[in-house]
Amino acid sequence: MKEPLYIVDGVRTPFAKMGTSLAGCDATELGRTAAAAVLTRTAFDPALIDEVIFGCVGNPADAANVSRVIALRAGVPESVPAITVSRNCASGFEAITQASDKAANGRGDIFLVGGAESMSNYPLLYNASAVKKYAALGKARTFGQKASALLAFRPADFAPRIALMLGLTDPVCGLGMGQTAELLARDWQLTRVMQDQFALQSHQRAEAAREKFQEEITAVYPRGGRDTAAVVSDNGVREGQTMEALGKLKAVFEKRGGTVTAGNASQITDGAVALIVMTEAGLKQTGLKPIGKLVGFAYAGCEPSRMGLGPVYAMAKAEKLTGFKLADADLIEINEAFAAQVLACRAAAASAEFGRRHLGRDAALGEIPEGKLNVNGGAIALGHPVGASGARLVLTALRELHRRGGKRAVVSLCIGGGQGGALWLETV
Amino acid sequence: MNISLTFGDAGIARLTFDRPNSSANLFDIATLEELDAHLATLESRRDLRGVVLVSTKAKIFIAGADLNSFTKNFTPEGLGQTVDLGHRIFTRLEQLPIPSVAAINGVCLGGGCELALACDWRVASLDKSTKIGLPETQLGILPAWGGSVRLPRLIGLPAALGIILAGKQLAAIPAQKAGLVDELAQPEYLLAAAEKFLARGKRPAPAPKGLFNSALARPLVAMKAKRDVLAKTQGHYPAPLQALKVCRAAYGRPLAEGLALERAAFLELAKTPACRSLMGIFFLQERAKKLKVPGVDGTGIKVRSLAVVGAGVMGAGIAQWSAARGYPVLLKDIAPEMLAKGLKAAEKIFRDAAKRRIFTEAEATAGLDRITPVATAVSLARVDLVIEAAVEKLELKQKIFRQLEQQAGSQTVLATNTSALSIDAIASGLADPGRVVGIHFFNPVHRMQLVEIVRGPRTSPAALDTALQFVKAIGKLPVLVKDSPGFLVNRILLPYMVESVRLFNEGCGIQQLDRLMLDFGMPMGPLRLSDEVGLDVAQHVALDLQQRLPQPVPINDTLEKMIARGWLGKKSGQGFYVFGPKKGAKEKPNGELGFLQTAGKGAGQDAATLLDRMVLVMINEAARCLEEGVVAAPEDVDFGMIFGTGWAPFRGGPLRHADTLGASEIVRRLERLATEVAPYFAPCERLRAMAHAQATFYPAT
C-alpha cells in the first residue's frame, strides 16, 4: 500500500441471533442505524464523503444497491455516490479495502464503509417449477386459460427454496459450509472435544468482554409493532456455557461421526457495522483523529472444499506484500466460522509441510499463540452476519489494541467459495 | 393588470391570472372588473373556439377573495354590491358563447373555486399544491359568488354539502372522484389537457343525480347534514346551517332564484358576531405568520439542523414535527429505553399521518430516518438550534444548559420548551445567557399550531430571531411573550381549571361543569381537560403559578388527594372521569369522588354565576397579562388562547369576548363574586380603569 487508510471511528449494531430481537429490521435499517450513529459521533459534514461502500451478501430484494439506500436514509447527501460490494463472508473487509484502493487511485479521501446483513430476512424462493407455472398464470387471459394454469400447480410447487441454505452451500464443490469444516476436522484430526473447548472459550471470552463491546455498540430501535424496547446488546453469548451443554448437541452436517454442531459453529445472525475511513488528506480536511490505520492486506484463493483455511493463505500472501510476520502481531483475529476451521488454521500455520506444499514457503507461516487469538471471543459467541463480520473484526481489534497498548493486529476471514482475506492494522 | 387576455393561433383565448407584486392571486373589485372587461371582449369575437383560465403563480390558481379589501367596506350595501358583482360576472362567464375551461394548478379556494365552477370544464394538476374547495363557512359566511348554487348542481346535493358545510379542501384526485373536476394532468401537460376539453363545446345541462338527489330524498339528506353540523358545532356556528338551507332550497330551482337566496343568507351571516370573530381569527393568523419583532429581524441564523434534548412526549413531538418538515434532528436522552419510547411515539404520528394520506409511506419513513437517537455525549457543533424538553426541574435544566454550552457551537441557539420555569433562571449559569430563548410548544405538538416564543430579559436579538424564524419555517404560529410565570396560555388557563376544581369541591357535578363550558364553546370541559393534561402536571403548574404570581388564584388540596390515590387522569385511566381500556370508548364520571365534595357555595349557584366564575376568572387574568406586558396587544391574548387552547373561536377569544360583555359589566360581576365568593375575583386595575373610561380592548369598529 502506497499510503495507509486511517480508521477514524466505527460503531456497530448489537449482533442478534436470526429470528430474535433484530428480525424486524432489514439490512437497510441495520446499516442505516449504524451509519447514522457513526456520522453523529464524528459530527463532520457528510457532504465531504467521497463514496459510501457497504458489504452485503443477501442484498435485500427491495433495496437494489443497498449501500445507496443506507447512505440516503442515513442522511448522506444525494450527491455522494454509493456502491454495494460482495466478497461473501469478507464483504465487510472488501468495503474497507476498496476504499483503500480507491484512495490510492486518487478517487477520494473520505469514505463511509461497513457491512450490513439481516440473515433473518433472507427470502424463501419459489422453485423453478412454480416460477414457470406462475409465469403461465400471469399470461393467461381467458377464464379457461386461468383455470387450467391454476390447476397445473402441485403441492410440491409450494416447497420453497431457502435462500439462506443456498447461500451456505458451495455451488462448485457441492458441499455445505459445515461439510467443509468436517473435512478440515478430519484432515487435521480435530476432535469434537477440541472443537467444543474452543467454542466454550469463545463464549467465555465474549462474556468477559461484554463491557468492551458496549463501547462499539449503538442501540437499534426496531420499527413496526407496539414493542418499544431498544436493542442494546448482543444476544448470542451464552452465559455460563459448559462442556456438558455443548456435548449434548448433535452433529448437524454429518450424521455418521460428525463433529461440527450448532454449538461449535458460528451463529446465524443479524447486524451491521459502519466505519469512517480517510486518507491523511481527509484527516486534515476534517480535523478528526483516527483510532488506527490499515497498513496492508491480501486476498487469496484456495480449494473451495477447504475454504476454512483461507486465512492462512491470505496471511501468507499479506506477509509477501507487507513483510509483516505473525510474530509482529499483538493480536490475531481469525473469524470463527467454525471452531474446526480456526483450529485447522492454527495447525496449518504452524505446519512446515503445509507451508511448503500449499504456500510455497520454506518454513511454517508461524505460531498463533492462544493468548493473541480472538481474545474477546468471536463469531461462535457473537454470530456471523456475513456481510458485516469483516468490518466488526477491524473495529473490535483496533479498540482492543488501544486497551492493551498494542501496536499491530492482523485480522482474517475464511470466505465461502474458497478464499481468505487478511488485513494488517496499526494504532496511530 | 391582474388578468391578461391573449389569443393563440388555434382560436383559443387565454385568461391569465397574475396579480402583480404578490405570490397569490386574489379577487378584489378591480380584478373582478378586469375580468368583466375581458369577458366583454371574448363575447365580441367570432373567431374563437374557447377560452382557458390559468394562473402563473407557482402553487396558487386563485386563493379566494381578498378579505382585506372586502372587510374595509363591511356594510350591508358594500357587501351586497360585492356579491352582485361576482354573481353577474361569473354568470357572464358561464354564459359565454364559447366553451371555457379552468386549468387549475395549486390552491383554488373560495372565489377561485367559484370562478372554476362557472367554467364549462375543470382540469386539475396532479401537483401536490392543488387544493380545491369552499372554506367560506369556516369564516362564518357561505359561498356567495354562486358556489352554494353551482356546486350542488355539478356534483349533487350530498357531496356538495360534504364540502361546503365542513369547508373542505380537496386534493386533485379526490376532487376528480367527487366530480368537482373533469380531468387530471401532470402540471407540465395541464394546458394541453385543458385545451382538449374545448373541443367538447359547452357543458351539457347536468343530468339528474341519482337516488340521494331526488326530491324525496332531499329532506333526509338535509336532516342528516344538519345533525352532523350540530354535533360538530354545538350550534354555535350559524354559517353551516345557513349554507345547508340555501343549498337545499336552491337545488333544482332557476339560477337567479338560487343566487338571490345565497345573497340574502350571506348578508344575514355577515351581521353575526360569529362571522366577525371568525374573520378576526383569520386576520390573527395572518398577523402571526407575518410576526416581526422590531430590532430583531434578520439578526438570527437560519436553522438547518437541530437537536432535541429529552425524548418524552414533548421532545418526541417536537422531533417528529421538525423531521416531518425536512429538518435533521438529533434526539438526545440519557438512556436507550427513553429514546425507544420517544421514537415509537414519533413513529406512531408518522404512521397515522401516512394512513390518512398526509404522507406517503416513503415520506413517513424518510421523516423518521431524519431523527437520529443518541444516548451518549456527542458534539453538537454542527447543530444550529437545540430545544431542551426535559423534566420541569430548574436544577436539572440548568445542568443540561451548562452541558449544552460545552457541546454546542458558539453560534448555536439554546432553546427551552419549558412551560413554567423562568428562561432567565435557566440561562443563569451560562457564560452567555443571551443565547437562551423559550420555544414553548403545546401538546400534542403535531396538532397545536401555537408556539409561545419566550423572550428572557437577557435573550439576544439573534437568539430570538432564530427561534422566531424557525417556528415560522416549520409552519407553526408564533406569539411573542415575556419571561413571566406561566407565560400567556397557561397563566390564563390554569385559574380556570383551578376554579372548576373548586366548583366541583363545592358540590357541582363533573358533567354539569364540563357541559357548561362546552356550551360556552370550549372544545373540552375543564375537568375533562385536567384529566387530559394529567392531574399531576396540572397541579405542578398550578403550584408553580401560586408561588410566583403576586395575585394567584389559590388552590386547594383536591388534586393532591386524587394524585395520592394514583388517579392522574387519562394516563392512569382514572381522574375526574374513568377511562375504559378500549380505545374510543366514552369515559364516565368517576363515581368514587364523593368524599372530595362538600355542599359549598357552588352547589347553590345558578348556571350564569358558575359560568362567570370560570370565564371571568380568565378574562381577569388575561387583562392582567396585558397590564403586565406579558404580551404586547389584546390580539396576542386572543390569538394565543384560540390557537393554544381552542378557546371558543366564535367568541373571538377572551378579550374580544370581554369587549362583547363590556368592561363595566365585567367589573360589576367580578366585584359581586369577590364579595359573595372569594376575594380573588376582585377585578384587576386595568379592567377597573377601562370600566371607568368606558373603554374596550379593541378599537370600536
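**A strand and its neighbours**

Mentor: Both faces of strand β14 (residues 385-388) of chain B are covered. B:Leu385 and B:Ile387 on one side, and B:Val386 and B:Glu388 on the other, are all buried (20 or more other C-beta atoms, placed from the backbone, within 10 Å of a residue's own). Strands and helices here are DSSP runs, E of at least two residues and H or I of at least four, numbered from the N terminus. This is a predicted model: local features need pLDDT of at least 70, side-chain atom pairs count only at pLDDT 80 or more, and totals for chains, interfaces and linings use all residues. Residues are numbered from 1 along each chain as its sequence is written, while chains are lettered from A and ligands numbered from 1 in the order written.

Trainee: Which residue in β14(B) is the bridge partner of B:Val308?

Mentor: Look at strand β11 (residues 306-309) of chain B, which pairs with β14(B) in the parallel sense over 4 bridges. Pairing takes at least two DSSP bridges. The partner of B:Val308 is B:Ile387.

Trainee: Which residue in β15(B) is the bridge partner of B:Glu388?

Mentor: β14(B) also pairs with strand β15 (residues 413-416) of chain B, in the parallel sense over 4 bridges. The partner of B:Glu388 is B:Thr416.

Trainee: How do the axes of α12(B) and α26(B) lie, roughly parallel or roughly perpendicular?

Mentor: The axes (lines fitted to C-alpha atoms over the stretch in contact) of helix α12 (residues 273-289) and helix α26 (residues 634-645), both of chain B, come within 10 Å and cross at roughly 100°. Angles of 65 to 115 degrees count as roughly perpendicular. Therefore α12(B) and α26(B) are roughly perpendicular.

Notes:
Axes are lines fitted to C-alpha atoms, for helices over the stretch in contact, and angles run from 0 to 180 degrees between N-to-C directions. Angles under 35 degrees count as roughly parallel, over 145 as roughly antiparallel, 65 to 115 as roughly perpendicular and the rest as oblique. A residue is buried if 20 or more other C-beta atoms lie within 10 Å of its own, exposed if 12 or fewer, and partly exposed in between; C-beta atoms are placed from the backbone.
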